[in-house]
Amino acid sequence: RVDRSPVRLFLFGLVGLFLMVGAVDVMWGHWVATPPDTYNEEITSKGRNQRRADYVWGVFLLAGGAGIFGFAVTALIRRSPVLLVQDNGLAVAIGAPGDDPTFIPWSTISFVSSAAEKNPNGGYDRDVLVVDIRDPVGLPAEPWGASWDGNRLVLDASGWDKPIDEVVIHAGIALDRYQHFEQPRQAAIGPAGVVSADATEPEEIIDD
């Protein structure tokens, strides 16, 4: 089980809180923000224009801050996983916030690996989990917190509470176990003429 890092979520919450406080300051408080222009303690026409602009900026800051703060608090309280390595596949949170994790069976996965993705804006590279999927039909076309590179689902792992190498090891073990133990069973119940390696010859009955 992989969750979002609580430290990262806490910092997200702080950013959202600061944005909301900044919105209040821009619209009404003016503790740091410049107040509208006045003359003899009366607001001027220039000041009225400034106040309208302050309200517009304040609404954007308030909405953005409330969204970030609400997401961080909800994620900290609910603690829903971003990824589950299961015996029969992977469950990944690539839907919209609040949606149930999307299940991807091992039968459609070729391999799972990790990589360091270049940051287009500079700075540090970010860790990503790469899941190669044979048939991505039914999966979100625009996944949340991930992207598509052909048939490869690239998951952003920069905010996870588990190291990416540990996740790859557990996923690789589960995939190998499925390929060695589950797929032979499926061959035994496949099309006629396919015989499992575990199948035995029927016992010969000797006629007295």
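1. Lys162 has a relative accessibility of 29% and therefore counts as partly exposed, a class that lies between buried (under 20% relative accessible area) and exposed (over 50%), with a 1.4 Å probe and protein chains only. The side chain of Lys162 meets that of Asp161 in a salt bridge, at 3.8 Å from N to O, where a salt bridge requires a side-chain nitrogen of Lys or Arg within 4 Å of a carboxyl oxygen of Asp or Glu. Asp161, at 31%, is likewise counted as partly exposed.

2. On the basis of these notes: the model is predicted, so local features need pLDDT of at least 70 and side-chain atom pairs count only at pLDDT 80 or more, while totals for chains, interfaces and linings use all residues. Residues are numbered from 1 along each chain as its sequence is written, and side-chain values use heavy atoms, with hydrogens and water left out.

3. In which order do the four strands of the open sheet lie? The order is β6-β7-β9-β8, with antiparallel pairing; strands here are DSSP runs of E with at least two residues, helices are runs of H or I with at least four, and both are numbered from the N terminus. Two strands pair if DSSP finds at least two bridges between them. The edges are formed by β6 (109-117) and β8 (146-149), each of which pairs on one side only.

4. Within this sheet, β7 (residues 126-133) and β9 (residues 152-156) are joined by five bridges in the antiparallel sense, and Val130 stands opposite Val154 in β9.

5. Asp156 pairs with Arg126, the closest N and O atoms being 3.2 Å apart; Asp156 is in β9 and Arg126 in β7, 30 residues apart in the chain. Arg152 pairs with Asp132, again with closest N and O atoms 3.2 Å apart, and these two, in β9 and β7, are 20 residues apart. Asp132 counts as buried because its relative accessibility is 15%, whereas Arg152, at 37%, counts as partly exposed.

6. The largest nonpolar core has 26 residues, among which Leu83, Trp106, Leu129, Val131, Leu155 and Trp160 touch the most other members; such a core is a set of buried Ala, Val, Leu, Ile, Met, Phe, Trp, Tyr and Cys residues joined through side-chain atoms within 4.5 Å. At least two residues of this core come from each of β4 (89-92), β6, β7, β9 and α3 (164-188), and α3 gives the most, with seven. Leaving aside residues up to four places away in sequence, Val131 touches Leu90, Ile109, Phe111, Val112, Asn151, Arg152, Leu153 and Leu155, contact meaning heavy atoms within 4.5 Å.
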